[in-house]
Amino acid sequence: GLDDDELEKYFLSDFTAEDFRITSCSGTYDRRDGILDEETFADLISAFDTMGFSAEERANVMAVTCALLHLSNLTLLAVSADESEIDKSNVHLEPALSLLGLTVESLNRGLCYFAIQAGKEHHTRSLSKLKAEKGLEALVKAMYAAVFEFLVGRINSSIGVDAAGDRTSTKRGRARNNKSAAAAAIGVLDIFGFESFDINSFEQLW
């Protein structure tokens, strides 16, 4: 759903969902309901506005999300049995670094080395290729979870009300300090598989 300028901004012009490890593992790219994601992209942007996200916050969410796509495609090289390094020839490295504001040195240090402390002494040790790859997977998972939790928190703050029925959020969706108990809440339970049923009853919704 992004226009050409935005696709270039997030380094997606030359890629589709099939090109990223994080979105291609299942081999499934089509929705069962026949809806095309690009056709609902305008609704997504509208939802950001409705929930009080600023243009900068929306751009940051997009940047981190697209960075995760590129991070999932990074490769590591074995320097020795116990040492590894980021593959600097990987075409997804520069997009990931640019979107996250990192240097290749800092990312390489974070993925391929770890620090240990013995008493007052600090030591840096290298990681094998396999362990560094596991670390990369953990980084992608942790960042994805952080983005998800941020979105949930912001949405909850934008729909919250106090005991008097007043919204607890500001115009941009951030919650104000309020000592009153919440008067209302919305909870969502997503149970995988309901969308596959021919008939969904009201009881299933509850």
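1. Helices, in the sense used here, are DSSP runs of H or I with at least four residues, and strands are runs of E with at least two, each kind being numbered from the N terminus. Read in this way, the protein, which is a predicted model, has eight helices and four strands. Taken from the N terminus on, these elements follow one another in the order α-α-α-α-β-β-α-α-β-β-α-α.

2. When contacts between residues at least 6 apart in sequence are considered, 51% of them join residues that are at least 24 apart.

3. Beyond helix H1 comes a loop, and two phenylalanines in it can be described together. Phe 11 is placed in the loop between H1 and H2, and its phi is near 60°, a positive value in a residue other than glycine. With a relative accessible area of 29%, Phe 11 is partly exposed. Phe 15 is found in the loop between H1 and H2 as well, and it is partly exposed, with a relative accessible area of 24%. If residues up to four places away in sequence are not counted, Phe 15 touches Phe 20, His 70, Val 91 and His 92.

4. How many salt bridges does a search of the whole structure find? The search finds four, and among them is the one in which the side chains of Glu 137 and Arg 21 meet, at 3.1 Å from N to O. This pair links distant parts of the chain, with Glu 137 in helix H7 and Arg 21 in helix H2 (residues 21–24), the two being 116 residues apart. Glu 137 counts as partly exposed because its relative accessibility is 36%, and Arg 21 is likewise partly exposed, at 46% relative accessibility.

5. The side chains of Lys 129 and Glu 133 meet at 2.6 Å, N to O, and both residues lie in helix H7, four residues apart, which is about one turn of the helix. Lys 129 is partly exposed, with a relative accessible area of 30%, and Glu 133 is also partly exposed, at 25% relative accessibility.

6. A further salt bridge is formed by Asp 49 with Arg 58, where the closest N and O atoms are 3.6 Å apart. Asp 49 has a relative accessible area of 47% and is therefore partly exposed, while Arg 58, at 23% relative accessibility, counts as partly exposed too.

7. Which residues make the nonpolar surface patch of about 320 Å²? The patch is made by Tyr 144, Phe 148 and Val 152. Val 152 counts as partly exposed because its relative accessibility is 35%.

8. Is Asn 108 buried or exposed? Asn 108 is buried, because its relative accessible area is 14% and buried means a value under 20%. Asn 108 is found in helix H6, which covers residues 104–112. Leaving aside residues up to four places away in sequence, Asn 108 touches Glu 85, Ile 86 and Tyr 113.

Technical notes. Residues are numbered from 1 along each chain as its sequence is written. This is a predicted model: local features need pLDDT of at least 70, side-chain atom pairs count only at pLDDT 80 or more; totals for chains, interfaces and linings use all residues. Side-chain values use heavy atoms; hydrogens and water are left out. Patches are made of residues with over 30% relative accessible area and no salt bridge: like charges are joined within 9 Å, nonpolar side chains (Val, Leu, Ile, Met, Phe, Trp, Tyr) within 5 Å. Accessible areas come from the Shrake-Rupley method with a 1.4 Å probe; for residues, only the protein chains shown count as cover. Buried means under 20% relative accessible area, exposed over 50%, partly exposed in between (1.4 Å probe, protein chains only). Contact means heavy atoms within 4.5 Å.
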